[in-house]
Amino acid sequence: MTHSTSRNDYQPKSPSPLGFARRAFLRIGTAGLAGLGLPQFLELESRARAADPNRARRKRADSVILVWLTGGPSTIDMWDMKPDAPDEIRGEFKPIDTRADGIRIGEHLPNMAGLMHRCTVVRSLAHTIPDHGLATTFMTTGNRPTPVLAYPGLGSLVARLAPPERGSPPYVSLGDPERVLSLAGYLGPAYDPFGLEVGFVRFNPLEAAVDTRGVTLPADFTIDQLANRGALMRSFDRAFDAVDRKADLVDGLGAFQRQALDILRSKSTRDALDLSRESADVRDRYGQTLFGQGCLAARRLVEAGVRFVTVAAGLNTGLNWDTHGQNFLSLRTTLLPALDQTLSALIEDLDARGLLARTIVYCAGEFGRTPRINKTAGRDHWARSMAVVLAGGGFKRGYAEGSTDAEGMAPASAPCTPDDIAATIVDLLGIDPHQELQTPSGRPVQLFREGRVVSDVVV
Amino acid sequence: MHPVDDFSLANPPSNERLLDALAKDFVESRFDIRHIEHVILNSRVYQLSSKTNETNRLDKVNYAHSYARPMMAEVVIDVLNSALGASERWGSEVKEGSHAIELGISDTGVPPLGENIMYALRRFGLPQRSSACDCQRVSAPSVAQELFLMTDPGLLKKLGSGRGRLPKLLAADMTDDQVLDELFLGALSRWPDESERRAFHDYRRKGTDRRAAFTDALWGLINTREFILNH
């Protein structure tokens, strides 16, 4: 078995599960009652953060880019092929060698084959929820969904526990207007992602761009004017502090006001979203598609200090991974060429800029697809086996974790779950995956109920 | 019921007896919508204040007091227009001055809706009509919404547009205090308090341009939490 509950550099739990943080929370709680304003509250919070046990942890990554294949990718045709299985399982594609010894992947991912020596592929990931919504929740929160508590998505956790310097949004989601991916759950709306849309430039369907409307000030609106107006706004807004100021919504909105002002003042976020600053070569390398340019924007955002970026390759980008029919046709003609070009460009580009060492790229969907091919040459939902690819930020290079059985139905060795991968990612970011946070009603909740760090996949 | 239009076994009401009583009353009134509105709006619970007292200030569930909540996308458009004294052009098929909430707008992205208004509606959670129920509607604040209120070019234009509230007030023979009162009443339905008055006068003294100072004040008002939350 490859699980380990502790690693050498793993810190023993403090006697109180929260250690200093609990006392800090209590102080903040009473401070709130004593009528401290939000700035003081935030200052206390940042002091609590400075004394946070996470500070002492070894931190091997600063940021995460989650490349989300909405609908559930057929990973048996991509990362975990079964060439020796019967026809009705093997499928139409052949495996090819990659630059990582002993790792073979699907023939329609040639660029990724040239990069597998920089990636970890986990082939033994499995869960039991073949439903899009619930499986997405499981994969993106690292907690099995439950009706009693909404767990925060990984991006929201990172925004809460490893926030960036002021001026850049902690968590950005690109191309997910329907908000399929998990929101901040019990952390409250203040930690929801900053959602931006990627679209084609008007009158030019060949050029995709991030919709930066709202991120920049109009030409006749100066930074000074913004500061003046902001001050006036705050003096008019103070009266509202008397109204239910402990409500999450009121508090969350206050945080958004500050973030919005910070973003408008910050040149780096604005510039990061301006894809026209990239050379035509780089833009072409990522692909002049909504997904391609979304990934380029993700890299630029990470460079600008954003901690977590989600890029969804779903219906709104013209990619449908939910291949119940004509699985092989869709994969061969549309899905895999798009993924191969963009994902390889992203990893290569991050590496060339020296960012890959501190940035985790995580490519996954909510589940895999049935090994047995259906009557319409499609594959249906299959959560009991799936493969994901991880690169950078402390993940091993050129490594395959676990395996599935001969027919790809279930893990055969080193099984792991969405909780484990989530805990591993969070651990690399220097966040203790076993720590507790509190819900708005004061209930202590562990970050991950089940997740254990998969030490085999980490350098 | 939450969400309000999802009546199903999977989504039980939070207070079944209350819902049953209201249903019974609705039937007995021969399905009189005005009547049931009257009953609900006049109920003690509906009229609870969002201001808390010593005994309920920590309560966050069960409606011990009213809770601040976000408004629907259509209502956001309407309250913005109302505060700015502006109106929306909905195209030739809809009477000018109609409220967004009256229209049953779909996110189809086609005329008569201009791009501007669709963008705003989406930002504030109007779902794309990709399923039969309204359950995709996200009514939660976001940074993107704040940014919209602060920087949207269409909205900024309305702030000082010729037909709006502010230019009319500035053209009338009114003192600064009277104009400020009108802006507060238009945006927040209340008078400014002393500290707010003082804040504005201090601000006004710093600059020379009366119009700019009031434009900034109106911008400040529509960016307060008090304005954008239903409380």
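Let me start with contacts in chain B. Among those between residues at least 6 apart in sequence, 47% join residues at least 24 apart. Keep in mind that this is a predicted model. Chain B has 231 residues, and 26% of them count as buried.

What does chain B consist of? It has 11 helices and 2 strands. Along the sequence, the pattern reads α-α-β-α-α-α-α-α-α-α-α-α-β.

Chain B is split into three domains: domain 1 covers 1-67, domain 2 covers 69-157, and domain 3 covers 160-230. Where domain 2 and domain 3 of chain B meet, domain 2 brings 11 residues and domain 3 brings 12 residues. On the domain 2 side of that contact, strand 1 (69-70), helix 3 (73-84) and helix 5 (143-151) of chain B supply at least two residues each. Helix 3 of chain B has the largest share of that side, with 3 residues. Sorted by class, the side of domain 2 of chain B that touches domain 3 has 8 nonpolar residues, 1 polar and 2 charged.

Now chain A. Its domain 1 is written in two stretches, 63-212 and 273-457, and its domain 2 is 216-265. How far apart are the C-alpha centres of domain 1 and domain 2 of chain A? They lie 34 Å apart. The contact between these two domains takes 8 residues from domain 1 of chain A and 11 residues from domain 2 of chain A. On the domain 1 side, 4 residues are nonpolar, 3 are polar and 1 is charged.

Next, the sheet in chain A. Which order do its strands take? There are 8 strands in an open sheet, ordered 6-5-9-1-10-13-4-14, and the pairing is mixed. At the edges are strand 6 and strand 14 (399-401) of chain A, each of which pairs on one side only. On average, neighbouring strands of this sheet are turned by 15° against each other, ignoring direction. As background, strands of a sheet pair through backbone hydrogen bonds, either parallel or antiparallel.

Strand 1 and strand 10 (residues 359-364) of chain A run parallel and are joined by 6 bridges. Within strand 10 of chain A, A:I360 is the residue that stands opposite A:V64. Across strand 1, strand 10 and strand 13 (386-391) of chain A lies helix 12, at about 170° to strand 10 of chain A.

The largest nonpolar core has 162 residues. The residues with the most contacts inside this core are A:V67, A:V311, A:V361, A:Y362, A:V388 and A:L390. Helix 12 (residues 327-352) of chain A gives the largest share of the core, 9 residues.

Which residues does A:V67 touch, leaving aside its neighbours within four places in sequence? The contacts of A:V67 are A:C295, A:V311, A:A313, A:L343, A:V361, A:Y362 and A:C363.

Another element to look at is helix 6 (residues 154-161) of chain A, which is mostly covered, with 7 of its 8 residues buried. The buried residues are A:L154, A:G155, A:S156, A:L157, A:V158, A:A159 and A:L161. What do they pack against? Their partners in chain A are strand 1 (63-68), helix 5 (132-141), strand 5 (171-174), strand 9 (308-312) and helix 13 (418-428).

A:K94 is 176 residues away from A:R270 along the chain, and their C-alpha atoms are separated by 44 Å.

Last, the contact between the two chains. Chain A gives 38 residues to it and chain B gives 39. On the chain A side, strand 6 (194-196), helix 7 (223-237) and helix 8 (248-265) are the elements that give two or more residues. Helix 8 of chain A gives the most, with 11 residues. By class, the chain A side has 23 nonpolar, 9 polar and 6 charged residues.

Key. Residues are numbered from 1 along each chain as its sequence is written. Chains are lettered from A and ligands numbered from 1 in the order in which they are written. This is a predicted model: local features need pLDDT of at least 70, side-chain atom pairs count only at pLDDT 80 or more; totals for chains, interfaces and linings use all residues. Domain bounds come from an automatic or database domain assignment. Two residues are in contact if their C-beta atoms, placed from the backbone, lie within 7 Å. Helices (H or I, at least four residues) and strands (E, at least two) are DSSP runs, numbered from the N terminus. Ala, Val, Leu, Ile, Met, Phe, Trp, Tyr, Cys and Pro count as nonpolar, Asp, Glu, Lys and Arg as charged, and the others, Gly among them, as polar. A residue is buried if 20 or more other C-beta atoms lie within 10 Å of its own, exposed if 12 or fewer, and partly exposed in between; C-beta atoms are placed from the backbone. A nonpolar core is a set of buried Ala, Val, Leu, Ile, Met, Phe, Trp, Tyr and Cys residues joined through C-beta atoms within 7 Å. Two strands pair if DSSP finds at least two bridges between them. Axes are lines fitted to C-alpha atoms, for helices over the stretch in contact, and angles run from 0 to 180 degrees between N-to-C directions.
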